[in-house]
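This report concerns the structure shown below. Please keep the sequence and the model at hand while reading.

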Amino acid sequence: MNMKFLIILIVFCALTGIGPVFLHHDTYEARKQEELVVFRECATPPDAREVSDNSYEKYKTITIIKKYKVSQAKEQIEKYYQEKLTSTGWERIENKDNVHYRRGDLAIFIEYDMPIVEVSLLYVGDDKGV
């Protein structure tokens with residue numbers, strides 16, 4: 001390998017912050033898999049049909065954003081999430097615009113445009129020295 005190319009590659013990795021991604025690839029892949037599992041277990045509304053998937057993957061995380069068509073009323077869906085998420089350790093966080101849930105380094109955001117419900121799951125933690 002050309003020494004000049006190697007130096008350019010090292011500088012690029014240092015300036016873009018991508019170096020840690022290469023060094024801790026397994027850690028970030030495990031985090032992405034955890035996010036997918038949590039979404040399947042916690043975030044999908046009951047009796048819903050998926051109508052769109054706007055999820056995307058970055059170097060360190062995956063952001064899951066899906067829309068579902070539901071047959072239940074908004075109040076029933078809200079109650080479902082309230083009971084399911086709080087019973088499994090998710091904290092309900094309310095602000096003037098919406099409600100979301102947080103557990104550890106993950107957050108679930110739910111938006112209602114009935115009969116469409118958009119559910120997003122994001123990693124909101126830091127990299128803990130990785």
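Predicted model: local features only at pLDDT ≥ 70, side-chain atom pairs only at ≥ 80, totals over all residues.

## The largest pocket

The largest pocket holds about 180 Å³ of space. Its lining is formed by K74, E78, R92, D97, N98, V99, Y101, I110, E111 and Y112. By class, these lining residues comprise five charged, four nonpolar and one polar.

Three elements each contribute at least two residues to the lining: helix α4 (74–87) and the strands β5 (99–103) and β6 (106–113). Strand β6 gives the most, with three residues.

## The largest nonpolar core

Twenty residues make up the largest nonpolar core, and W90, I108, V119 and L121 have the most contacts inside it. Two or more residues of this core come from each of α3 (25–43), β3 (62–70), α4, β6 and β7. In soluble globular proteins, nonpolar side chains tend to be buried together.

Leaving aside neighbours within four places in sequence, V119 is in contact with F39, A43, P45, I64, I65, K66, Y68, Y81, I108, F109 and I110.

## E118 in strand β7

E118 lies in strand β7 (residues 116–123). Is this residue buried or exposed? E118 counts as buried because its relative accessible area is 18%, and the cut-off for buried is under 20%.

With neighbours within four places in sequence again left out, the contacts of E118 are I65, K66, K67, F109, I110 and E111. Among these contacts, I110 and E111 also belong to the lining of the largest pocket.

Terms used: Residues numbered from 1 in each chain as written. Heavy atoms only, no water. 1 Å grid on protein atoms, 1.4 Å probe; cavity = no way out; pocket = protein on both sides within 12 Å on 5 of 7 lines; lining within 4 Å. Points joined across faces, edges and corners; volume = space filled by probe spheres on them. Helix = DSSP H or I, 4+ residues; strand = E, 2+ residues; numbered from the N terminus. Nonpolar A, V, L, I, M, F, W, Y, C, P; charged D, E, K, R; others polar. Buried < 20%, exposed > 50% of the residue type's maximum accessible area, 1.4 Å probe, protein only. Contact = heavy atoms within 4.5 Å. Core = buried A, V, L, I, M, F, W, Y, C linked by side-chain atoms within 4.5 Å.
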